[in-house]
Amino acid sequence: MSTTERRLQNLQSKKDKIEREMHSEIEIDRGLIVYRAGSAPVPMERSSGAAAASGDGGKSDGSLVAARMKRMEEERKKREEGGFTTKAMRDLERMKKAKVYSHAQIRVNFSDGTHLHAKFFPREKVSVVRSVIKSAFKPSLAQSLDFDIYVAPPRRLLNDTNTLEDEELVPAAKIHVSWKVGASPVGGAAGCYLREELFSEGNNAVAASSFPDAKHIVKEPKASANSKGKDGNGNGGGGAPSKEELLMQRMLGKKAGLLGGRKSSSNDSDKDGGKKSGKPKWFKG
């Protein structure tokens with residue numbers, strides 16, 4: 001086994017340990033909660049990540065930014081991997097930058113506007129999501145209902161044997177239920193096929209809206225006081241911004257210099273030139 005492979009194996013073991021610590025409570029409490037059409041939890045996004053698109057195109061600004069950042073990061077990785085590197089070396093670099101999420105927050109949209117929220121392990125299979133959805137049905141209807149699970153747009157059926165990570169549903173995503181012919185709820189109000197005790201009431205709405213916590217497998221080095229600047233928080237001290245900050249700047253149309261700072265224009269240099277030299281800029285002598 002090569003040195004690279006040993007380092008990769010060590011990081012994988014570390015990832016597994018962090019996952020065990022962070023996932024200890026998910027099996028006990030899936031956080032199941034149902035919202036009627038037109039109601040939704042107050043968003044409490046705490047971490048960025050890929051989020052699957054909703055069927056009605058109603059993605060939040062945060063989800064759009066997260067999805068865009070993920071695509072740009074993947075494109076950057078493809079460019080970097082174009083050199084002479086082995087698969088083990090590329091896997092090691094990805095593992096160094098990877099994060100472990102406390103859970104995957106999944107919103108399940110039904111065709112009548114009702115939606116179910118639940119928590120899952122990132123490495124749980126789609127079949128577990130299907131089982132949890134079935135567990136939310138009223139016992140008297142559970143056997144008669146059958147469905148497909150998909151993401152959109154574009155519409156893509158989820159494979160029950162894949163993990164949530166494989167299907168890019170981590171750390172949060174919206175998925176949709178499509179009833180099979182002859183196996184859909186008949187009549188009744190929206191959500192009548194779901195257990196009444198799961199519907200949101202009062203402060204329960206907050207529980208399903210929180211985004212997962214995240215931990216780096218390899219701890220990032222702490223910024224020094226000099227790099228943070230005068231305020232000690234990196235807000236205006238002139239330190240180099242992170243890659244995520246640079247990506248955000250580009251997506252929002254802000255141009256950054258090589259070090260992330262404001263680009264100095266020729267006008268700026270002209271304006272300052274007179275002050276620095278002690279002569280007005282029109283002086284030719």
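In the predicted model, K87 and D91 are joined by a salt bridge between their side chains, with an N to O distance of 2.8 Å. The two residues are four positions apart in helix α3, which spans residues 87–97, so about one helical turn separates them. The surroundings of the two partners are described by their accessibility. K87 is exposed, at a relative accessible area of 56%. D91, in contrast, is buried, and its relative accessible area is 18%. The value for D91 falls in the buried class because that class covers residues under 20% relative accessible area.

D91 also takes part in a salt bridge with R94, and here the N to O distance is 2.3 Å. R94 and D91 both belong to helix α3 and are three residues apart, again about one turn of the helix. R94 is partly exposed, with 30% relative accessible area. Through these contacts, K87, D91 and R94 are connected in a network of salt bridges.

A further salt bridge links D146 and K180, whose closest N and O atoms lie 3.6 Å apart. D146 is located in the loop between α4 and β5, while K180 is located in the loop between β7 and α5 (204–207); the pair therefore ties together parts that are 34 residues apart in sequence. Both partners have intermediate accessibility: D146 is partly exposed at 28% relative accessible area, and K180 is partly exposed at 34%. The structure contains 11 salt bridges.

Helix α4 covers residues 126–135, and its buried residues are V126, V129, R130, V132 and I133. These residues span an arc of only 165 degrees around the helix axis, so they lie on the same side of α4.

For the protein as a whole, the secondary structure consists of eight helices and eight strands. The protein has 285 residues, of which 34% count as buried. Its accessible surface is about 18,000 Å², and carbon and sulfur atoms contribute 52% of that area. Contacts between residues were also grouped by their separation in sequence. Among contacts in the protein with a separation of 6 or more, 74% are between residues 24 or more positions apart.

The average pLDDT of the protein is 73, and 59% of the residues reach a score of at least 70. The highest confidence is found in β5, at 97, and the lowest in helix α6 (residues 225–228), where the mean is 44.

Technical notes
Residues numbered from 1 in each chain as written. Predicted model: local features only at pLDDT ≥ 70, side-chain atom pairs only at ≥ 80, totals over all residues. Heavy atoms only, no water. Buried < 20%, exposed > 50% of the residue type's maximum accessible area, 1.4 Å probe, protein only. Arc of directions from axis to C-beta. pLDDT = per-residue confidence, 0-100. Contact = heavy atoms within 4.5 Å. Areas by Shrake-Rupley, 256 points an atom, 1.4 Å probe, with all protein chains shown as cover. Salt bridge = Lys/Arg side-chain N within 4 Å of Asp/Glu carboxyl O.
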